[in-house]
Amino acid sequence: MPHTEIEGRRLSLSNLDKVLYPATGFTKGEAIHYYASVADTLLPHLDGRPLSFLRFPDGVEAERFFTKHVPRGTPDWVTVREITVTSKTPMHQVLLQDRASLVWAANLAALELHTPQWRVEHQGEADRLVLDLDPGEGADILDCRTVADWLRARTAGDGAELLPKTSGSKGLHLLAAIEPLDSLAVSGYAKRLAREAEAALPELAVSRMEKALRGGKVLVDWSQNSAAKTTAAPYTVRANRLPTVSTPVTWDELAAAETAEDLVFVTADLPRRLREQGDLLRPLLEGARARLPRAG
């Protein structure tokens, strides 16, 4: 079994040649290499946030495992914290705080990394707003763009700057840095936005989850602001036919896209994008934070 040393930590790596994406031949070793290559950009977005993993030990076409609890055999140098807000009884979850921990997780075939909108030092107080635009049958990411444009203008009136990223699947995620606020209040604000979008764009936007309502429309999913919910992290790989990535984009890129395929990015695209554009979500980490209006 090959070994590597990262930042003073010795890791055993296994099954590097195992194909995780049969359509392309993309291997576990390539997934590990991807995460190691984007670690400097990705890790700040994971900092302080408990991880939920989607693991695919036999590839994306085989059984998946959703893991919130600390995996068996986790090294003692991986950061673990007690979480008290998401279940009736306290639980422990992993935090990926360094490159070695990120590579360790990738070696578990934890392809998808999902985080809540809050950090462990303020459990249940969100410092990010998220709106997940999910196209139903007959709609696509370009329809999400139309809804995103409306939401961008609407939230600007409340002092929030929405930043877009692809979900890595079919839709868009819109994120804004906010002053810490109870997740229940943030969920309420997001739900109001979703209902306003549905009223303003009745032929395109829907705020309710029922699949029967979503044909040809875009669900404005506000629910991921709940303290117990998670969202695909920026730069995480997704378990699709291709090794797609949840990729930050500019509003100009969204406007220029002519087809849905123009907004599909895979692991091989990210190193060049990061060299040329840097982290487009950097304002989430160090920019001004909006004070969301509270329900009156």
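Author: Happy to! Let's start with a pair of residues: A205 has V218 of β14 as its bridge partner. Strands here are DSSP runs of E with at least two residues, and helices are runs of H or I with at least four, both numbered from the N terminus. This is a predicted model, in which local features need pLDDT of at least 70 and side-chain atom pairs count only at pLDDT 80 or more, while totals for chains, interfaces and linings use all residues. Residues are numbered from 1 along each chain as its sequence is written, and side-chain values use heavy atoms, leaving out hydrogens and water.

That bridge belongs to a link between β13 and β14, which run parallel and are joined by 2 bridges. Two strands count as paired if DSSP finds at least two bridges between them. β14 also pairs with β10, this time in the antiparallel sense and over 4 bridges. There, D132 has D221 of β14 as its bridge partner.

Now look at the two sides of β14. In a regular strand the side chains alternate between the two faces of the sheet. Buried means under 20% relative accessible area, exposed over 50%, and partly exposed in between, using a 1.4 Å probe and protein chains only.

Between β13 (205–206) and β14 (218–221) runs a loop that holds S207. S207 is buried too, because its relative accessible area is 7%. Setting aside residues up to four places away in sequence, S207 touches A194, R195, E198, L219, V220 and W222; contact means heavy atoms within 4.5 Å. With E198, the side chain of S207 also makes a polar contact of 2.8 Å. Such a contact is a pair of N or O atoms within 3.5 Å; within protein, one must be able to donate a hydrogen and the other to accept it, and residues adjacent in sequence count only if both atoms are side-chain atoms.

In soluble globular proteins, nonpolar side chains tend to be buried together.

β10 (125–135), the antiparallel partner of β14, leads on to another element: β10 is among the parts covering the buried residues of α2, as are α1 (28–37), α3 (99–107) and β9 (110–115). The buried residues of α2 are A39, T41, L42, L43, H45 and L46. With 6 of its 8 residues buried, helix α2 (residues 39–46) is largely enclosed by the rest of the structure. After α2 comes G48, whose phi is positive, near 75 degrees.

R64 sits in the loop between β5 (52–55) and β6 (65–67) and counts as partly exposed, because its relative accessibility is 46%.
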